[in-house]
Amino acid sequence: MGGGKPFVLGLTGSIGMGKSAVSDMFRKLEVPVMDSDKVVHELYAKGGAAVAPVGKAFPGVTVDDAILRSELGKYVLNNEVNMQLLESIVHPLVDAERDKFVAQMAMDNHRLVVLDIPLLYETGADKWVDAVAVASTSNVALQRERVLARAGMTPDKLDAILARQVPDEEKRKRADYTIDTACALAETEAVVGGLVALLSCQPHPSSDITPGF
């Protein structure tokens, strides 16, 4: 039989801010991480729970019983109505996977788990976590350089993505912890290690936790 509910840390960050690297740092410290993007990929894959409802809502996006993201993108990029429709289908499915993940980690006696959620504030997922950490470079130029180096990325596509994200500055103001990813890798790893040590001792939200990492 498992113990009590683990401390749930929400990890977020705007595109190009190093969130994925920080997520890997938590994993290396043996902290269970649920990657929301990976969950969505699985929901879109052959046999995934999102394939049928998304295919019905957006004709032509299914190939071999899986969602073809490039075709789906034609419907939702710069189209707020279609994006909201897609989110109304996918978000409840992701929420269900999140609940199963946290419940399983509680059964496995983990004291701390991380929910890696790119659009944490945008989707209201902050209400499901005990604290929020944001990965940030605090450097827009570095952010754009990182993202535009990705295959298939264009300035227009990046601007469309950023338009749907809470600005980095606001994320840093709202988060309980900011993890700097513009410094040396070892420095970022040290911050993550300190955060793990702190929050592993906090099974429930506590006003004694001091923000400011």
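The model is predicted, with local features requiring pLDDT of at least 70 and side-chain atom pairs counted only at pLDDT 80 or more, whereas totals for chains, interfaces and linings use all residues. Residues are numbered from 1 along each chain as its sequence is written, and side-chain values use heavy atoms, with hydrogens and water left out.

The chain averages a pLDDT (the predictor's confidence in each residue, from 0 to 100) of 89, and 93% of the residues score at least 70. Over residues 205-213 pLDDT stays under 50, and for these residues the model has 19 contacts (heavy atoms within 4.5 Å) beyond four places in sequence.

Helices (H or I, at least four residues) and strands (E, at least two) are DSSP runs numbered from the N terminus; two strands pair if DSSP finds at least two bridges between them. An open sheet is formed by five strands with parallel pairing, in the order S2-S5-S1-S6-S7. Strands S2 (33-35) and S7 (177-180) stand at the edges with a single partner strand each, so one side of each lacks a neighbour in the sheet. On average, neighbouring strands of this sheet are turned by 25° against each other, direction ignored. Strand S1 (residues 7-12) runs parallel to strand S6 (residues 131-136) and is joined to S6 by four bridges; Gly10 has Val132 in S6 as its bridge partner.

Two helices are described as packing on the sheet. Axes are lines fitted to C-alpha atoms, for helices over the stretch in contact, and angles run from 0 to 180 degrees between N-to-C directions. Helix H2 (residues 36-44) touches S2 and strand S5 (112-116), its direction making about 50° with that of S2. Helix H5 (residues 80-107) touches S1, S2 and S5, and its direction makes about 165° with that of S5.

Helix H4 (residues 69-76) packs with H5 at an angle of about 125°, the axes being 7 Å apart. H4 is therefore oblique to H5, a class left for angles that are not under 35 degrees (roughly parallel), over 145 (roughly antiparallel) or 65 to 115 (roughly perpendicular). In this contact, Leu72, Tyr75 and Val76 of H4 meet Asn82, Met83 and Leu86 of H5.
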